[in-house]
Amino acid sequence: MSAKAISEQTGKEFLYKYICTSAAVQNRFRYASVTSETDWDRLSQEHPWLLTERLVVKPDQLIKRRGKLGLVGINLDLQGVREWLKARLMRETTVGKAKGVLKNFLIEPFVPHPQDEEFYVCIYATREGDHVLFHHEGGVEVGDVDAKAQRLMVAVDEKLSEDQVTEHLLTHVPDEKKEVLASFIVGLFNFYEDLYFTYLEINPIVVTKDGVYVLDMAAKIDATADYICKAKWGDVEFPPPFGREAYPEEAYIADLDAKSGASLKLTLLNPNGRIWTMVAGGGASVVYSDTICDLGGVDELANYGEYSGAPSEQQTYDYAKTILSLMTREKHPQGKVLIIGGSIANFTNVAATFKGIVRAIKDYQGPLKEHEVTIFVRRGGPNYQEGLRVMGEVGKTTGIPIHVFGTETHMTAIVGMALGHRPIPNQPPMDAHTANFLLNASSSAMTPATTRTASFSESRKSNDVTPAKKSKAGLPADSLCLLVNLAKATTLFGKQTKTIVWGMQTRAVQGMLDFDYVCSRDEPSVAAMVYPFTGDHKQKFYWGHKEILVPVYKNMADAMKKHTEVDVLISFASLRSAFDSTMEAMQYPQIHTIAIIAEGIPEAQTRKIIKVADEKGVTIIGPATVGGIKPGCFKIGNTGGMLDNILASKLYRPGSVAYVSRSGGMSNELNNIISRTTDGVCEGVAIGGDRYPGSTFMDHVLRYQDTPGVKMIIVLGEIGGTEEYKICQGIKEGRITKPVVWLLIQRQALMSWGMTVYDELVANGTIIPADEVPPPTVPMDYSWARELGLIRKPASFMTSICDERGQELIYAGMPITEVFKEEMGLGGVLGLLWFQRRLPRYACQFIEMCLMVTADHGPAVSGAHNTIVCARAGKDLISSLTSGLLTIGDRFGGALDAAAKQFSKAFDSGMLPMEFVNKMKKDGKLIMGIGHRVKSINNPDMRVQILKDFVKQHFPSTQLLDYALDVEKITTSKKPNLILNVDGFIGVAFVDLLRTCGGFTRDEADEFVEIGALNGIFVLGRSMGFIGHYLDQKRLKQGLYRHPWDDISYVLPEHMSM
């Protein structure tokens, strides 16, 4: 739930900071928090009023009725508070059925007052608006305020006035206090709205001649509004309910969840319990927990939680290892069980998520066996067969008993097996491989021509359809079903339905188009997409075998204007933008249905959406939903899963059973069950898991009642809520006459009751099953076929130095975290990426020194000159840098490779230094790496000297360098500037390094020289200098460079000279 309780201290801090009222609110910020770690001397210094006033002390741990429980110390001095706390602080206490330790206390000034100055006020949210309750008698003995209090409902998006408060709430309040209370309650209501509270109770609120005192307060805020209220809330801590500890593992998973687009939840109920769960999906997590409790495992249920939303392998691994770590800390005499369950996934790659779980099981195989853990697995969805296979294999290789089941076994069957209530089958039957559903069974590779001109139900003759019983006329005016907006459409989707998809969800759109194709629709259901972050363009998709283009618009107005046939919007907008985009969409009368996929939209925003939708006759599906499906006609986004499940569940043609569910994953489970036990689904909607779904169970049940093709209705409910009563009332009043199967999500119940009802409808002729017509074949996407291991192809590229695909970047086999942990530096990284070796420390240092000495050589050299000219011409950094780099070659900077090759060849051939010099002279070739314009034997280059000292000290051998220095002695004897320059030195020293560091064979070392690795040193180093020159010119704001005439020698043909 998004509504989370906050501590009394946090609630009062918010109120004192942000309430706006003319009433004088007393004792602002006069509270002190006490724990077992409190330094009393420091506390009294920070709050000097503790030493001078009478005090009240009470636990601040979400405990109700503290006064009746004797947990409030009243009218004490500070010493009295300390004495009172001695008997209670860090002591175990029972509150109701919950046992917990009293850890946090709140001290406040005592407010002496008579009983008649105490009042009660409470504000709480409902779907229609916010209810304000007020009672003129507050305090410990307030009693049943629901029955006694005056109440006023403020409709969504409306304001509360002081006149309304006075007229409706303050009828029993003395006249002299009405003005103060009216102002305070209005201010409190505005504060409640502004900070996204969902519940706020003050009991008592005391009104004296001095002003208003807030004595006791309980509150909940909408945690999903954090992105709106962060500036005011700050970092809010949500304390656990009394009796349940806050565990660091819960905080760890909550942090993972906050950093992920997936959903990761964990609540520890009983760390010593023997029954642990790792469930995929929010709805499924409720199913499994409910079933465990129903089968007598409530006292042994250790945790509650879920992983969903396609978490990555690493995220699933982190989640799984946390649970495995927790369950292998304390042994249980009966051993332990782990239930890895889930419904049939819509879009999560089951095999990919199971990889993370398998990794965790392998890491914990020792403790799992020691604690006698048995694992039960049940899952379905994309690539689930591979996931189950891998899970079964890890059981065999580790020796851990792992029992694996797929969609052929109902979800909750593994709970009965785990708790010993039913036998474990030895070899459960497995469904066909995912791919089998997608490949044409005929020998022809071509897609057959469309054989159906109508959907499953449309092909039936009218006289084969038994008309539904008519509902009773003349219903009473106060009938509940009149609350349903009659202006909304009964039929949301049809064979011609067109939609706009908000968001660049290409996978979901392709899934919709594939569904359209197997349903034999004439045209794709997606008319356009809206994506505000790019300009108008077209996006490529597949329609069967063909490629088609779907227009993408930057703004919704253009899309609506150009596609007037569209009446459905599917919004994949994020939780931050879903409200604005939905409100904008409802301004267009053509839109009748909006599906909001996003999870985590603040409840206040959802209620505003619902209000506007009711006014405009728009049906909202969601938020926090996968959507809905009408077989043979239309599906929303990822509903129904991938094509294998679409075909297996026969969703390509309509049946006779309609359902409404909260959970998206559970709705897919229903698709599977209904297809196995009846003639299939006529329509299905997942209304979403939020407290205020845009449309309710009752809305859709009434639609199904009025839909001729629907013969039977299934409602898949969850614990809590009052929807059952509304539907029962509708049945009682005669508004609902079709058979309704209501389930609190136990599949076995549906398998039995659902089949019984369906069989009766077939027997009496209400449902007439039709013959199956095979759907067209849709080619499998290449990426998915490869994921399933059905195809292979040679890669376009091969790489052996870096892998970015996993959770962590890897350089030549070394994770990036290890690179930093080992402090490898830039030289070490270069060694990994260039040479695929972890080089010795001295080699890394030498590389870094080479980069430093080659970084720059002034603005006059050709590379720097070109960079400067480009920069002054207004070119960008990349263009200017490239201009400088293009000058590097044999004449400038490119001598490293050439010097290394020349000197190596001469040395390896046994040629004496003098022979080498003479041969180069005879051949008319320059010795690369010899010579300098400025430096000489008498004016040595300090860069070379620094490198030489380091190499001589650290390199194991310097044979080639010594050879080059002997050559230098010969060349400088002829001319002093013919020295071994920095390029030549780095070239020959690098050859010595490659040959003698122990990391390369002789052939490998020679290959790196041959392919130009050494010039890379100069290119990388000098790039730093070129960038420096670029930035320097920009910083100095130098204008366009023009070379001066007097520095150019104009040599023209004589007859054209001036």
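Me: Contact here means heavy atoms within 4.5 Å. With that in mind, which residues of helix 31 meet helix 33?

Reply: From helix 31 there are Pro 913, Met 914, Phe 916 and Val 917. They meet Tyr 963, Asp 966, Val 967, Ile 970, Thr 971 and Lys 974 in helix 33. A word on the ground rules: this is a predicted model, so local features need pLDDT of at least 70 and side-chain atom pairs count only at pLDDT 80 or more, while totals for chains, interfaces and linings use all residues. Residues are numbered from 1 along each chain as its sequence is written, and side-chain values use heavy atoms, with hydrogens and water left out.

Me: What makes up that contact, by residue class?

Reply: Seven of the residues are nonpolar, one is polar and two are charged. Nonpolar covers Ala, Val, Leu, Ile, Met, Phe, Trp, Tyr, Cys and Pro, charged covers Asp, Glu, Lys and Arg, and the others, Gly among them, are polar.

Me: Why are helix 31 and helix 33 called oblique to each other?

Reply: Look at the angle. Helix 31 (residues 913-922) and helix 33 (residues 959-974) have axes that come within 9 Å and cross at roughly 55 degrees. Roughly parallel needs an angle under 35 degrees, roughly antiparallel one over 145, roughly perpendicular one from 65 to 115, and the rest is oblique. The helix pair is therefore oblique. Axes are lines fitted to C-alpha atoms (for helices, over the stretch in contact), with angles from 0 to 180 degrees between N-to-C directions. The crossing of helix 31 and helix 33 is right-handed, meaning that the near helix is turned clockwise from the far one by less than a right angle.

Me: What makes strand 11 and strand 12 count as paired?

Reply: Pairing takes at least two bridges found by DSSP. Strand 11 (residues 197-208) and strand 12 (residues 211-214) share four bridges in the antiparallel sense, so they pass the pairing rule. Thr 208 has Gly 211 as its bridge partner, and a hairpin of two residues joins the strands. Strand 11 also holds Pro 204, and the peptide bond to this proline from Asn 203 is cis, with omega near 0 degrees. Strands here are DSSP runs of E, at least two residues, while helices are runs of H or I, at least four, and both are numbered from the N terminus.

Me: Why do strand 2 and strand 4 count as edges of their sheet?

Reply: That open sheet has four strands in the order 2-7-3-4, with antiparallel pairing. Strand 2 (32-34) and strand 4 (73-76) each have a single partner, so one side of each lacks a neighbour in the sheet. Neighbouring strands are turned by 25 degrees on average, direction ignored. Inside the sheet, five bridges link strand 3 (residues 55-59) with strand 7 (residues 105-109), and Val 56 stands opposite Glu 108. Helix 1 (residues 8-18) packs on this sheet, touching strand 2, strand 3 and strand 7. The loop between helix 1 and strand 2 holds Phe 29, which has a positive phi of about 60 degrees although it is not a glycine.

Me: How do you know which strands are the edges of the sheet of seven strands?

Reply: The order is 22-23-21-20-24-25-26, with mixed pairing. Strand 22 (537-543) and strand 26 (619-621) each pair on one side only. Strand 22 meets strand 23 (residues 546-553) over seven antiparallel bridges, with Trp 543 opposite Lys 546. Helix 17 (residues 578-585) lies across strand 20, strand 24, strand 25 and strand 26, at about 175 degrees to strand 25.
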